[in-house]
Amino acid sequence: MLKISLHNNKFKERNSNLNSTNDFHEEYQYIHLLNDIIKYGEHDNGRNGDTLTIYGASLQFSLENNTLPILTTKKTAWKTCLKELLWFIRGDTSNKRLNDQNVHIWDGNSTKDFLEKRGLHHYAEGDLGPLYGFQWRHWNAKYSNFNDDYSGSGIDQIKYVIDSLKDPQTRYSRRLIVSAWNTEQLNQMAVPPCHCIFQFSVHDTDKLKCSVFCRSQDVPLGQPFNIASYSFLTHLIAFHTGLNASELTLHCGNCHIYKQHLDTIKEQLNRNPYPFPKLTFAKKHTDINDYSIEDFIVTGYSSHPPIKMEMIA
């Protein structure tokens with residue numbers, strides 16, 4: 001069965017030179033996961049296609065010393081990923097506003113045809129409903145459409161986390177949890193959340209760790225974005241609250257590869273990873289909503305060429 005060991009000795013013995021070519025590279029966890037799905041995956045006929053699937057895997061990445069684990073064995077569109085994350089943070093639900101930034105990853109899930117198949121006949125094209133960022137910033141507020149102003153509505157889970165982390169008396173809480181899985185509103189979302197819940201934890205006074213649970217992982221396409229997005233998020237929350245980003249752990253439930261991607265993804269398995277890039281910030285803002293892509297300075301990102309695969313909505 002699954003051969004990935006989250007707490008393996010090589011990972012636990014990591015040091016400041018982990019990303020050099022002479023040391024174990026954390027990206028091999030991802031390559032091993034792809035291999036395990038291909039070797040041990042069960043054939044499933046799912047909602048939107050046939051997959052090879054395993055259940056249960058965890059990947060862990062160091063964020064120490066400004067390390068940003070953007071996968072390198074194929075080029076990752078990290079700017080697109082970051083734009084989506086900032087869209088989440090603002091609680092936005094409009095694919096049109098992503099399109100305005102040349103981000104098209106949600107296009108397949110926001111067409112009128114797709115929304116009607118979800119029973120969302122009353123949504124305009126491009127309206128994704130109360131998913132992800134809406135739940136992060138306006139948990140359970142009554143949702144009408146992507147153009148309404150929801151300021152002050154619902155529960156602002158991100159604000160709660162930020163306020164708690166800024167306070168030395170509350171930053172060690174084990175309740176710093178943000179959930180996007182709102183069962184009351186799942187049927188109002190274009191797609192139920194794949195990355196459902198995340199938790200922050202502070203250790204050694206100022207080291208911020210993040211743990212994420214993903215119910216469903218399209219490992220070739222979705223997981224590289226999840227790794228990059230939550231690494232960006234952990235670094236941002238740490239910077240914004242005066243802490244230091246330390247670690248990201250990604251726990252995954254259903255891990256799958258669509259059969260039409262199998263031959264394509266095998267190209268990636270024999271590639272050796274490059275060192276991960278570094279992240280610094282240009283400016284600290286008072287309001288978390290005010291950060292823009294220009295505030296994120298990513299240096300040293302080298303990668304193998306991209307591998308083209310069609311997203312399956």
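The largest nonpolar core of this predicted model has 86 residues, where a nonpolar core is a set of buried Ala, Val, Leu, Ile, Met, Phe, Trp, Tyr and Cys residues joined through side-chain atoms within 4.5 Å. Buried means under 20% relative accessible area, exposed over 50%, and partly exposed in between, with a 1.4 Å probe and protein chains only. The residues with the most contacts inside this core are Trp136, Phe198, Phe200, Phe232, Leu233 and Phe296. Helix H8, residues 222–241, gives the most to the core, with nine residues. Helices (H or I, at least four residues) and strands (E, at least two) are DSSP runs, numbered from the N terminus.

A word on conventions. Residues are numbered from 1 along each chain as its sequence is written. Because the model is predicted, local features need pLDDT of at least 70 and side-chain atom pairs count only at pLDDT 80 or more, while totals for chains, interfaces and linings use all residues; side-chain values use heavy atoms, with hydrogens and water left out.

Let us turn to individual residues. Leu233 touches Leu85, Ile89, Trp136, Phe198 and Phe200, not counting residues up to four places away in sequence; contact means heavy atoms within 4.5 Å. Ser231 is found in helix H8 and, at 0% relative accessibility, counts as buried. The side chain of Ser231 reaches the backbone oxygen of Ile227 at 2.7 Å. With neighbours within four places in sequence left aside, Ser231 is in contact with Leu63, Leu68, Pro69 and Leu248.

His25 sits in the loop between helix H1 (9–12) and helix H2 (27–40), and at 4% relative accessibility it counts as buried. The His25 side chain reaches the backbone nitrogen of Glu27 at 3.0 Å, and a polar atom of that side chain lies 2.6 Å from the backbone oxygen of Tyr274.

I close with charged pairs. The whole structure holds seven salt bridges, each a side-chain nitrogen of Lys or Arg within 4 Å of a carboxyl oxygen of Asp or Glu. One of them joins Lys207 and Glu64 at 3.5 Å, N to O. Lys207 lies in strand E5 (207–218) and Glu64 in the loop between strand E2 (49–62) and helix H3 (78–89), so this pair ties together parts that are 143 residues apart in sequence. Both are partly exposed, Lys207 at 26% and Glu64 at 27%. Another salt bridge joins Arg137 and Asp156 at 2.8 Å, N to O. Here Arg137 counts as buried at 10% relative accessibility, whereas Asp156 is partly exposed at 22%.

How values were computed. A polar contact is a pair of N or O atoms within 3.5 Å; within protein, one must be able to donate a hydrogen and the other to accept it, and residues adjacent in sequence count only if both atoms are side-chain atoms.
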